[in-house]
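Dear colleague,

I am passing on the structure shown below, and my notes on it follow. Please read them with the model open beside you.

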There are 2 protein chains.
Amino acid sequence: MRLAELSTRSGVSTTTIKYYLREGLLHPGRRITATQAEYDEGHLRRLRLVRALIQVGRIPVNSAREVLAALQDEDLDRNKRLGTAVWALPHGPAPDADDPATEAARRSADELLDRLGWSYGRKSCEATTAPAYEMLVTAIATLSRLGYPCAVRDLEPYARAMERIAVTDLDLVERYETPDEQVEAAVALTVLYEPVLLSLRRLAEAEESRRRFGGK
Amino acid sequence: MRLAELSTRSGVSTTTIKYYLREGLLHPGRRITATQAEYDEGHLRRLRLVRALIQVGRIPVNSAREVLAALQDEDLDRNKRLGTAVWALPHGPAPDADDPATEAARRSADELLDRLGWSYGRKSCEATTAPAYEMLVTAIATLSRLGYPCAVRDLEPYARAMERIAVTDLDLVERYETPDEQVEAAVALTVLYEPVLLSLRRLAEAEESRRRFGGK
């Protein structure tokens, strides 16, 4: 298809598509004349992912480029491509290394992951810690700094719930046919389901609050 | 305690405390001389919550003021105070009313909530829909607009997981003694546990991905 059709089918303006092409977020089409190129379903899929990352995930263009580079790295197996792509997603502020709460939070996070039997992304097992692990440390440190300390046994039910969520996430991903589509879907769904989860949690809390604290 | 001690114990600078007082985010202390006031544990607790909302939740000062006003409204019961406070939290962009995907998403959200037996925050039961419900509609519409349509049965496992999370959330809240402390903790923990959940999900996904897609 030509640029105009790619624009119509993706809902992305031609100006924005050209910007994504210039920024390397979208791979070039197959040149057919000096001024025209041909695009395919792969471009359409990639555009969907770019919009998920940039428009919904509010991910900076540079980070999006890293995520996409990881997805395209054919030297890596599916698991590694996925891990590298999620690794490149933004994860909020890093833990404050000077704060004593950070060290305590790191011990809590490690104890939690030990209990769960999760080994991914920790210093003891990998060359460097995963951003998601650092994000967890920051969150635990913040809770304790603000006077809402959380014990490891308080965190465990959250982690167990997320284990079930991850199974659901990967079941959705495996509905896509090719490994390429699967890693793209995995990254997009990681980002796009975050507001789904957070809104459902608030609605569930309201139900549970009514159950416990009454009112009609 | 005096301002200086409130600052030390809360870790919030006196300048920032004075700013919160001026903005009505913190209730005035008990005046003891023309220039000095006495603060108590209630101020300390309130400061913790304000920091959770503003520094961690990145909630604008105006929204934070609304959240706090709801918490203090003694005419409401505990459930309503909590509901009103969570209602005032920011929930991201509203659904795009002109987009046909929004109407379809609203039907999906309604069908999902019917299945779950949740009645909170929907147009059929309340004068106006809850922001968390609108946030859910936006998220579902975005998924479908970007070409990742989700069926109601795909959303249900996420909602069931959030039901369990809400039980854990409210168990934590009920450890606090007074209704005042409970509603404050509920709002703070709603905000502060969001990064905990999202980071644990990414770590859980990495574990599940390794289990399914190999690597060592």
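Chain A has nine helices and two strands, where helices (H or I, at least four residues) and strands (E, at least two) are DSSP runs numbered from the N terminus. The order along the sequence of chain A is α-α-β-β-α-α-α-α-α-α-α. This is a predicted model, in which local features need pLDDT of at least 70 and side-chain atom pairs count only at pLDDT 80 or more, while totals for chains, interfaces and linings use all residues. Residues are numbered from 1 along each chain as its sequence is written, and chains are lettered from A and ligands numbered from 1 in the order in which they are written.

The C-alpha atoms of chain A fill a box of roughly 65 × 50 × 30 Å along the principal axes. Of the 216 residues in chain A, 45% are buried, a residue being buried if 20 or more other C-beta atoms lie within 10 Å of its own, exposed if 12 or fewer, and partly exposed in between, with C-beta atoms placed from the backbone.

Turning to the two chains together, 70 residues of chain B are in contact with 69 residues of chain A, contact meaning that the C-beta atoms, placed from the backbone, lie within 7 Å. On the side of chain B that touches chain A, α9(B) gives the largest share, 24 residues.

Lastly, B:Q72 lies in helix α4 (residues 61-72) of chain B, and B:Q72 counts as partly exposed because it has 14 C-beta neighbours inside 10 Å. The C-alpha atoms of B:Q72 and B:V183 are separated by 9.5 Å, although these residues are 111 residues apart along the chain.

Best regards
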